[in-house]
Amino acid sequence: MKRRSVLTGTAAAIAATTLEAGPAASAATAATTGPGPDAVSVLPGDPRYPDLVVGNNSRWVAHPESVRLVRTTEQVVRAVQEAVDGNKRISVRSGGHCYADFVFNPEVRVVIDTSMLDSVAYDEKMQAFSVGAGSTLLHAYESLFRGWGVTVPGGMCYSVGAGGHISGGGYGMLSRRHGLTVDHLYAVEVVVVDTRGRARSVVATREADDPDRDLWWAHTGGGGGNFGVVTRYWFRSPGATDTAPSSLLPRPPKEVLVSALALPWSELDKDSFTALVRAFGEWHEKNGAPESTGASLCSFLMMNHKANGSIGLLTQIDATVPGAEKALDEFIADVTASMSDGALRPMSAPVGELGPLPDLFTPQRLSWLHSVKLLGTSNPTLTNPTLRGHHKSAYLRKNVTEAQAQAMYRHLTRTDHENPQSMVVLLSYGGRINTVRPGDTASAQRDSVFKGLFQSFWAGSGDDAANIGWTRDVFGEVFSATGGYPVPGPATDGCYINYPDADITDTGVNTTGVPWYTLYYKGNYPRLQQIKATYDPRNTFRHSQSITLPNPT
């Protein structure tokens, strides 16, 4: 059986490219050369160059020989082939939101920038929606919803690129109801390099008889930059049986209720703060059932350093589920029970990564797309290109302990470090996410109820040591019982590859004795290594935390 897919939609150049997938395609999927223009090469001295060699975290800057701006899969194949022939180190960029140095580092000689591979279309032959790797999340959401009334349950940040977000197992405000993005991934197109150094494109699907199915599986949480250059994804929910496009992916809520509250530090002491944090975790422990009203609720407890003035609580719930208003009111009451009467305030100043949202003090009914735009673009950290950052993450299977909450309090109220953009954020997880078995996708963490994100943002390199040190300190103390990291066990379940931690491979910081790859991938790592050996046997695609080739036996 052969499957052919022609991408239709906004990019005529892509629409002209025919790609094969299936049993007959595994040996020679696509030619390494072909008609059509080459990618645009941006060289040092070009006014575009400085903007293309740094991402969202300005700590990481590269000085490549060229940045290749690609518009078609053919152009990617040729760009990769030229780099391989010239023995030049490659990295890949889609949206530029990598927290670590995976894309921009001193060893990179060629950056392949897929940001112009941004078409979103319905592919009739695949019976799935095609999303280019360079499509930003907001563009994908708007295109899917306006065209067909559907969506994928991805992240909130509007400018994140699909290329890395999907491959790392992206999640967002609809995931408790609909699962991870990769739970709806039908196929992926990847430009890989074989043992002879020949670049080719492969379309891998989740079909049981697809000989390239492992490559599809690797992109359901295996992380970006490990196997090749992703050029596009196709989405169709596994349970979809109808042929109408509007029935092939989740339909977002018609309306959502959105609440944003400020909890002033002046109203918090150690005991009330501890009770607040533990109430947030307790609610998630009790409300993880995938079909419950609680599964339609997603919340962010954004705990900035005391210098910021306030903690924030952002919450959204599907307004169409029975009892939505009551469920939202009860959630807020439960979480903030330790606060005194009248302590809750409008979020009139930035909290977490968000800007002011005072109008949401009284929960507002918004259309789903309006809420996506409002929350996604109300983020000053995404629109400030000068910021530097350090980030750490944790999957939490159980509530944090009193000692862990008190450790957060100590570091968030320190007087020797007073950056208002240093923070600990707790984020909703669980629900439908946890109905998938750990090995069915590469996203292995499938029974956590919420996540933790520990991070700091700052402007100048002179403040690197203080902010990196603070982030290490709070994270290390919170997880001190397991060596400073959330080792997979009864209460915690490792770290999230899409929040890559620049310290995780450093045994002086990660003193757990548990390898970094186990923290990210758990028992799925050996399979990812075998897939790496099959599709990237020369280790062409690598970075500081890339999947390694298995040791020869």
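Trainee: What's the strand order in the open sheet of four strands?
Mentor: The order is β3-β4-β6-β5, and the pairing is mixed. Keep in mind that this is a predicted model.

Trainee: Which strands stand at the edges of that sheet?
Mentor: β3 (40-42) and β5 (90-93) do. Each has a single partner strand, so one side of each is left without a neighbour in the sheet.

Trainee: And what does the twist average from one strand to the next?
Mentor: It averages 25°.

Trainee: In which sense do β4 and β6 pair, parallel or antiparallel?
Mentor: Parallel, over four bridges. β4 covers residues 66-69 and β6 covers residues 110-113. Val-67 stands opposite Val-111 of β6. Leu-69 stands opposite Asp-113 of β6.

Trainee: What about β5 and β6, over how many bridges do they pair?
Mentor: Four, in the parallel sense.

Trainee: Which residues cover the two faces of β6, and are they buried or exposed?
Mentor: Val-110 and Ile-112 are on one side, Val-111 and Asp-113 on the other. All of them are buried, so far as accessible area under 20% defines it. Both faces of the strand are covered.

Trainee: Next sheet. What's the order in the open sheet of five strands?
Mentor: β7-β8-β11-β9-β10, with antiparallel pairing. The edges are β7 (120-123) and β10 (199-205). Each of these has a single partner strand, so one side of each lacks a neighbour in the sheet. The twist averages 20° from one strand to the next.

Trainee: How many bridges link β9 and β11?
Mentor: Six, in the antiparallel sense. The strands are residues 185-193 and residues 229-235. Ala-187 has Trp-234 of β11 as its bridge partner.

Trainee: Which strands does helix α3 lie across?
Mentor: β9, β10 and β11. α3 spans residues 73-85 and runs at about 35° to β9. α4 packs on the sheet too, touching β7 and β8 (128-132). The direction of α4 makes about 45° with that of β7.

Trainee: Staying with α4, at what angle does it pack with α10?
Mentor: About 175°, with the axes 11 Å apart. The helices are residues 137-148 and residues 368-377. Angles over 145 degrees count as roughly antiparallel, so that is the label for α4 and α10.

Trainee: Which residues make the contact?
Mentor: From α4, Leu-138, Tyr-141, Glu-142, Phe-145 and Arg-146. From α10, Trp-368, Leu-369, Val-372, Lys-373 and Thr-377. By class, that is six nonpolar, one polar and three charged residues.

Trainee: Other helix pair. How do α8 and α9 cross?
Mentor: At roughly 140°, and their axes come within 8 Å. α8 is residues 270-286 and α9 is residues 324-335. The two are therefore oblique to each other. α8 contributes Leu-276, Ala-279, Phe-280, Trp-283 and His-284. α9 contributes Phe-331, Asp-334 and Val-335. This contact has six nonpolar, one polar and one charged residues.

Trainee: Switching to histidines. Is His-305 buried or exposed?
Mentor: Buried, with a relative accessible area of 2%. His-305 sits in the loop between β13 (297-304) and β14 (310-318).

Trainee: Which backbone oxygens are involved with its side chain?
Mentor: The side chain of His-305 reaches the backbone oxygen of His-417 at 2.5 Å. The backbone oxygen of Leu-412 lies 3.5 Å from a polar atom of that side chain. His-305 also touches others, including Trp-265, Arg-414, Glu-418 and Trp-470.

Trainee: Where is His-391?
Mentor: In strand β17, residues 388-396. At 3% relative accessibility, His-391 counts as buried. Its side chain makes a polar contact with the side chain of Gln-455 at 3.0 Å. Among the residues His-391 touches are Asn-57, Tyr-99, Phe-457 and Asp-501.

Trainee: Last one. How exposed is Gly-476?
Mentor: Partly exposed, at 22% relative accessible area. Gly-476 lies in helix α13, residues 464-478. Gly-476 and Ser-393 are 83 residues apart in sequence, and 11 Å apart C-alpha to C-alpha.

Note on methods:
Residues numbered from 1 in each chain as written. Predicted model: local features only at pLDDT ≥ 70, side-chain atom pairs only at ≥ 80, totals over all residues. Heavy atoms only, no water. Buried < 20%, exposed > 50% of the residue type's maximum accessible area, 1.4 Å probe, protein only. Axes fitted to C-alpha atoms, helices over the stretch in contact; angles between N-to-C directions. Parallel < 35°, antiparallel > 145°, perpendicular 65-115°, else oblique. Contact = heavy atoms within 4.5 Å. Nonpolar A, V, L, I, M, F, W, Y, C, P; charged D, E, K, R; others polar. Polar contact = N/O pair within 3.5 Å; in protein donor to acceptor, adjacent residues only side chain to side chain. Pairing = 2+ DSSP bridges. Lists of a residue's contacts leave out its neighbours within four places in sequence.
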